[in-house]
Amino acid sequence: MASHSDTLVVFFGATAGANGGKLGSDEREIILLVWQIVDLHEKKVGKLHRCLVKPDTLELTDQCKEDTGLTAEDLVEAEPLDKVLQQFQQSVSSEVKCLGRNSFTLCVDSPHVIRQALHPEASKKNLVLPECFFSFVDVKKEFHKCCPNASPVQKLTFTSMLEYVGLPAVSEQSMGEMEVSSMVQLTLQILAEPYSKQTYVVNVFFLSSFSSKTEPVDSETVIRARGLPWQSSDQDIARFFKGLSIAKGGVALCLNAQGRRNGEALVRFISSEHRDLALERHKHHMGSRYIEVYKATGEEFLKIAGGTSNEVAQFLSKENQVIIRMRGLPFTATPQEVLSFLGSESPVTDGGEGLLFVKYPDGRPTGDAFVLFSCEEYAQNALKRHKQILGKRYIELFRSTAAEVQQVLNRYMSAPLISTLPPSPMMPVSVLTTPPYLPAASSTRDCVRLRGLPYTAGIEDILEFMGEHTVDIKPHGVHMVLNQQGRPSGDAFIQMKSPDKSFMVAQKCHKKTMKDRYVEVFQCSTEEMSIVLMGGTLNRSGLSPPPCKLPCLSPPTAYAAFPTPPSILSEALYQPPLLAAPRPHQTITHSPAHTLAYYPPQPHMYMNMNMNYTAYYPSPPVSPSTVAQPHPAAAAASSVLPQHGALVRMQGLPYNTGVKDILSFFQGYQVSTCCTEIKALKVLFVGM
């Protein structure tokens, strides 16, 4: 008995929209299927079958009507896709059996009809396709293998292929019959000889896996999908790309700054051909949402999905496991409590070994955990406990991926810790009477204020927000305002090259959207900017000065001298603390009065970008790398600190501690009288 590779079913399909090389790109339904059996061993040809398919939406494009010669009226009496596929299976099985065969292989002119039309539509309609639709022979690729000197595969046509092998063109005029007849002649000519014909397989399942950061990833195989529902899993994304082969562990869901999914994913395919087919699904629908599909790079994929953690690799070493993420766990939750919470209906793989608690670098729990289940049934039972109570907290449960496990651990392990902040060394204080970076206060309105920024906004977002006006920003002219906790306040100031430029920015960008939030843009002066950076307020009622009478005379507070920006800021800010290399003491003669402490500017406080745009400003009272220009009266009264002195920093003070408590604590030591201005954050010692 001949093998199944000697029995081919030449198969062709058309949709209600684009056909040919764009088949399936517009997400239209199949309206026509044509097939014919070819016995290569006996060189026999079966009956030509042509079946119309009734789509759910009886709407055909003009191009489709012209190509196929069909109208909506022709399809009214046709059978739906599931019925036509049943007819196909019964008809082919009967003919193959009559030929003395027990199996066959599909032969198509391109993978589009299988990968881009049939499988996606069957997935959306929850149809189970016969097994024969999961493998096929591509006649154009087989022709190119036999005739390598012919045109590239993408440029081959039935006319050119038949002409190349010396066969006459097919005379049938109706669409489908002509293509099938042409493929039958080509298969009898080029596939009748006994040689190995390559069969392409459509993957049924997507397999999760762990990706290493050292693993090479071809950028020609990666795409970025945007607009995904936040609850989408890797299996949902694989279903969206049904018919295409995603690499093992090739779905990486992206997270936002708060560790939640942001509606994007990076997907890695097994080849560039599959990536190109995936790009044709741009703006196809997942449920009621359309999904945008763009090119991406291997570096972007590894940044999200790659890792080096042996703990994660060991956790994910059990293949074909369903991963569930738990969020909001009590920090004191134990593995046994989590297993009890999930219950006996959803047993965890290997008990406690199937739990992975996410922790900070110092071992503190984050409230997140990942759980492995051996089958979908157990995972669904666990998901039923979504928002049920453990301890005094409700727990969120949702499907997760191997890439998300790695990404969550990467995020928490790289988060800066306030507890690791080193204490301030004792050092002499230098004095500088003129500010090096903060501009002199002026009434010239050459600045703009951005109010209502998303707290996750960075410098790149602001530059993108300003668009073409970015070229008019002064160097070091972007000032991000932080609150007293060192977190973004939602405000920023930008110095422009002229008042005209700032006026144009305020007019063009006011209430423009940044990350789903509209941002207010106001024109302002350098004086107004300086007051806000010093802790004052700027609102519709006008300017309000900082709460301190002489704010410029107080040294920077602890959070200004030792900034600890949160993880939502750029990684460029995760730098060693300031005061590591103080400037040498300078002797300047001043009248005795309050002092002006100055900490030298550090290069790493500025973003390493094209124009070296910005530094982050805590507010109030000053930036660690700048000193606000003092009021003229205050400048006249300023003085230098005693030469023989030092500062010490006190941590862990009670919140109700006053200056008297500090002085009592250091009873017996000589303390400078100017410490009353320091508000118990730093104390100056003399003659130590």
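Colleague: Is Cys-132 buried or exposed?

Modeller: Keeping in mind that this is a predicted model, Cys-132 counts as buried because its relative accessibility is 13%, which is under the 20% cut-off.

Colleague: And what about Cys-98, buried or exposed?

Modeller: Cys-98 is exposed, since its relative accessible area comes to 69%, and the threshold for that label is over 50%.

Colleague: How many disulfides does a search of the whole structure find?

Modeller: The search covers the whole structure and returns zero disulfides.

Colleague: Changing topic, what is the strand order in the open sheet with four strands?

Modeller: The order is β16-β17-β15-β20, and the pairing in this open sheet is antiparallel. Its edge strands, each pairing on one side only, are β16 (355-359) and β20 (396-399). On average, neighbouring strands of the sheet are turned by 25° against each other, with direction ignored.

Colleague: How many bridges join β15 to β17?

Modeller: Six bridges link β15, which spans residues 322-327, to the antiparallel strand β17, which spans residues 365-373.

Colleague: Which residue in β17 does Arg-325 stand opposite?

Modeller: Arg-325 has Phe-370 of β17 opposite it.

Colleague: Which strands does helix α12 lie across?

Modeller: Helix α12, residues 335-342, lies across β15, β16, β17 and β20, and runs at about 125° to β16.

Colleague: And α13, which strands does that helix lie across?

Modeller: Helix α13 (residues 376-383) lies across β15, β17 and β20, with an angle of about 150° to β20.

Methods:
Residues are numbered from 1 along each chain as its sequence is written. This is a predicted model: local features need pLDDT of at least 70, side-chain atom pairs count only at pLDDT 80 or more; totals for chains, interfaces and linings use all residues. Side-chain values use heavy atoms; hydrogens and water are left out. A disulfide is a pair of cysteine sulfur atoms within 2.5 Å. Buried means under 20% relative accessible area, exposed over 50%, partly exposed in between (1.4 Å probe, protein chains only). Two strands pair if DSSP finds at least two bridges between them. Helices (H or I, at least four residues) and strands (E, at least two) are DSSP runs, numbered from the N terminus. Axes are lines fitted to C-alpha atoms, for helices over the stretch in contact, and angles run from 0 to 180 degrees between N-to-C directions. Contact means heavy atoms within 4.5 Å.
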